[in-house]
Amino acid sequence: MLWNKDMETLSRADLRGLQVKRLQETVARVYEHVPFYRETLARAGVSPVSIRDLEDLRRLPFTRKSDFRDQYPWGLLAVPMQEVIRIHASSGTTGRPIFVAYTRNDVAGWAELCARCLASAGARPGDVFHNAYGYGLFTGGLGFHYGAELMGLPVVPVSGGNTERQILLLQDLRPRVIACTPSYALTLAEVIAAKGISPASLGLRCALLGAEPWSEGMRQEIEQKFGMDAINIYGLSEVVGPGVSCECVEAKAGLHVYEDHFLPEVVDPATGEPLPVGEEGELVFTTLTKEALPVLRYRTGDLASLDPTPCACGRTSVRMSRIKGRADDMLVIRGVNVFPSQVEAALVGLPDLAPHYHLVVTREGTLDALEVQIELSEGFVKHAGGAIGHDPAVWPEDVKALHARLLRTLKSALGLTVTVTLLAPGQAPRSEGGKLKRVTDRRRL
Ligand code: DLL
């Protein structure tokens with residue numbers, strides 16, 4: 001089912017016309033209302049009236065995550081705060097998150113996009129919808145919530161966590177549609193099966209899974225276990241939240257980008273040069289309709305390619321591939337964005353540690369886990385009485401205290417519970433001349 005048939009099947013020529021008009025409006029809006037953009041556009045020698053075609057897009061300056069940080073909290077806002085009716089934040093990074101804002105029109109447009117995604121995944125008005133994305137600052141919960149209400153789905157706003165309760169609701173309310181992270185779908189399958197219940201007996205028809213990288217292998221496993229369609233949905237807070245693109249249940253071959261709202265590009269992550277159609281590179285989005293927080297050429301850091309060939313479902317948009325990786329070193333762990341540099345920033349200057357650490361990411365069962373290995377200083381180890389064994393039960397008190405302090409510090413810095421392994425002096429990996437690999441990612445996607 002197509003939720004917005006007119007827009008989703010617009011001819012390429014008509015779409016292009018609409019995009020050019022909306023791009024002109026967006027550039028004019030940010031030029032007028034956002035000093036940051038007025039400066040960067042002026043530096044790039046672009047005046048709003050000089051935007052005549054989509055080819056002009058490449059003359060526009062990029063926007064980066066660091067610009068959001070530098071303009072914290074509201075330097076990129078293009079409307080007065082009185083016009084904002086919602087605030088969210090990008091996941092991860094406690095301390096200084098990236099805040100994003102929405103006007104009433106933005107919220108309405110976003111709901112419409114999420115309704116498109118739900119319809120594209122196979123939801124029909126009247127289907128009970130189990131929404132297990134986190135409600136709160138994260139865009140997943142409320143984004144889907146409004147889309148589902150718009151579509152006329154009875155929403156179960158269960159949010160994330162509390163697996164036992166989720167299973168009770170799945171059994172008793174018998175939703176047809178579920179939304180959560182792909183790793184959580186696998187957790188649910190595992191816990192349900194451990195109760196001697198077949199996940200397929202729950203009667204779910206489709207799932208909208210995203211917010212973290214996943215693979216075709218995971219899709220097969222989820223589809224087989226639940227007997228449902230597992231649909232990939234993509235989005236990011238800086239652009240809107242969920243609803244930037246979504247697969248269709250008919251083809252499941254790439255995610256349809258809602259191009260009447262977002263202009264996609266793929267650029268070389270090193271040079272920023274646009275890449276030929278079909279090549280893999282960094283995804284870049286320009287918003288075309290957003291009022292509160294329009295962004296010009298936002299560098300997502302996500303690696304993917306674009307496919308403009310027509311799709312069997314009838315939608316005319318380009319499709320983006322699954323996300324293949326990151327252009328930077330950002331890790332997505334249980335839906336939380338983590339940069340190794342955040343770990344470094346949290347540890348630097350703490351007493352008793354050597355300046356060496358290593359991150360190990362694993363998937364325990366179906367959930368991602370982050371282990372932070374930290375090297376102790378020589379002085380501390382000597383003071384603690386020499387070698388520190390692997391069994392925490394026999395650690396001296398000051399080692400236990402240090403371990404507990406590190407757990408607390410990292411949890412509050414990352415917004416994520418991690419495990420901490422203490423290494424003896426000299427045990428953390430050292431650079432062998434080239435770049436030091438800070439992260440070992442053992443997740444097999
Ligand atoms: O994760 C929005 C969202 C909510 C998308 C619910 C889908 C479903 P952020 O917290 O800002 O927003 O994180 C955005 O998550 O840049 C990607 O690196 C990653 N990501 C999101 N969807 C996918 C996906 C939400 N389908 C960051 N596949 C993005 C791979 C994804 N990675």
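Across the whole structure, 31 salt bridges are found, a salt bridge being a side-chain nitrogen of Lys or Arg within 4 Å of a carboxyl oxygen of Asp or Glu. The model is predicted: local features need pLDDT of at least 70 and side-chain atom pairs count only at pLDDT 80 or more, while totals for chains, interfaces and linings use all residues. Residues are numbered from 1 along each chain as its sequence is written, and side-chain values use heavy atoms, with hydrogens and water left out.

**Overall form**

- The protein has twelve helices and 21 strands; helices (H or I, at least four residues) and strands (E, at least two) are DSSP runs, numbered from the N terminus.
- Its radius of gyration, taken over C-alpha atoms, is 23 Å, close to the 22 Å that the globule rule gives for 445 residues, so the protein is as compact as a globular protein of that length. The globule rule is 2.2 Å times the number of residues to the power 0.38.
- The C-alpha trace spans about 75 × 60 × 40 Å along its principal axes.

- Domain 1 covers 1–326 and domain 2 covers 330–444, with bounds from an automatic or database domain assignment.
- The contact (heavy atoms within 4.5 Å) takes 15 residues from domain 1 and 17 residues from domain 2.
- The centres of the two domains, taken over C-alpha atoms, are 33 Å apart.
- About 1,300 Å² is buried between domain 1 and domain 2, 53% of it on carbon and sulfur atoms. Buried area is the accessible area (1.4 Å probe) that two parts lose on being put together, summed over both.
- Zero salt bridges are counted between domain 1 and domain 2.
- On the side of domain 1 that touches domain 2, helix H4 (65–70) and helix H8 (182–194) each supply at least two residues. H8 gives the most to that side, with four residues.
- The residues of that side of domain 1 divide into four nonpolar, six polar and five charged. Here Ala, Val, Leu, Ile, Met, Phe, Trp, Tyr, Cys and Pro count as nonpolar, Asp, Glu, Lys and Arg as charged, and the others, Gly among them, as polar.

**Local features**

- Glutamate 25 forms a salt bridge with lysine 21, their closest N and O atoms being 3.5 Å apart. Both residues lie in helix H2 (residues 12–33), four residues apart, about one turn of the helix.
- The peptide bond from tyrosine 72 to proline 73 is cis, with omega near -10°. Proline 73 sits in the loop between H4 and strand S1 (84–89).
- Asparagine 162 is not a glycine, yet has a positive phi of about 50°. Asparagine 162 lies in the loop between strand S4 (155–156) and helix H7 (163–173).
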